[in-house]
Amino acid sequence: MPRRITDADGLAAVRAWQGGARDRPTTATAVRWTLQQLAAVAPGGSVEVRVPPFGVAQCVEGLQHRRGTPPNVVETDPATWLALVTGSRSWPDALAAGEISASGRRAHLDGLLPLRGV
């Protein structure tokens, strides 16, 4: 099991990213921590959020999948993900621009983003 990123480390990475830091360790920590936060805010397993190459999270109440490709998948790049969770990019705008791949009836996070306290 991957180690949990502390709130202090995660928030520091997000703030550094917002300040212009784009190095791999900062971006990876910010992405992984915000995925942790999303899973805490919307626990469950009906939606899989993928932010390659840094992380994946299961979230949103509902039926869980066990094997193979889940029915509800959201995938985006790290920069778009961090812009969404910090509120500098809206879900509808990113979706319309093709910056998000969202498949499945429940694969929408517009009511969950931006994340509070990020």
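Q: Let's start with one side chain: is Glu75 buried, partly exposed or exposed?
A: First, keep in mind that this is a predicted model. The idea is to look at relative accessible area: under 20% is buried, over 50% is exposed, and partly exposed is in between. Glu75 comes out at 32%, so it counts as partly exposed.

Q: And what does Glu75 form a salt bridge with?
A: For a salt bridge, you look for a side-chain nitrogen of Lys or Arg within 4 Å of a carboxyl oxygen of Asp or Glu. Glu75 pairs with Arg50, and their closest N and O atoms are 3.9 Å apart. That pair links distant parts of the chain, with Glu75 in strand β3 and Arg50 in strand β1, 25 residues apart. Arg50 also forms a salt bridge with Glu48, at 2.6 Å between the closest N and O atoms.

Q: How do Arg50 and Glu48 score for accessibility?
A: Arg50 has 25% relative accessibility, so it counts as partly exposed. Glu48 is at 11%, so it counts as buried.

Q: How many salt bridges does a search of the whole structure find?
A: Three. One of them joins Arg89 to Glu99, with the closest N and O atoms 2.8 Å apart. Arg89 sits in the loop between α3 and α4 and Glu99 in the loop between α4 and β4, so this pair ties together parts 10 residues apart in sequence. Both ends are partly exposed: Arg89 has a relative accessible area of 28%, and Glu99 has 29%. As for Glu48, Arg50 and Glu75, salt bridges with shared partners join them into one network.

Q: On to the sheet. In what order do the strands come?
A: In general, strands of a sheet pair through backbone hydrogen bonds, either parallel or antiparallel. Here there are four strands in an open sheet, ordered β2-β1-β3-β4, with mixed pairing. The edges are β2 (55-59) and β4 (100-103), each of which pairs on one side only. From one strand to the next, the twist averages 10 degrees.

Q: How many bridges join β3 to β4?
A: Four, and the two strands run antiparallel. Glu75 turns up again here: its bridge partner in β4 is Ser101.

Q: Where does helix α2 lie?
A: Helix α2 (residues 24-41) lies across β1 (47-51) and β2, running at about 5 degrees to β2. Its 18 residues reach 26 Å from first C-alpha to last, close to the 26 Å expected at 1.5 Å a residue. Among its buried residues are Trp33, Leu35 and Leu38, and what covers the buried residues of α2 includes α1, β1, β2 and α3.

Conventions
Residues numbered from 1 in each chain as written. Predicted model: local features only at pLDDT ≥ 70, side-chain atom pairs only at ≥ 80, totals over all residues. Heavy atoms only, no water. Pairing = 2+ DSSP bridges. Axes fitted to C-alpha atoms, helices over the stretch in contact; angles between N-to-C directions. Contact = heavy atoms within 4.5 Å. Expected span 1.5 Å × (residues − 1). Buried < 20%, exposed > 50% of the residue type's maximum accessible area, 1.4 Å probe, protein only.
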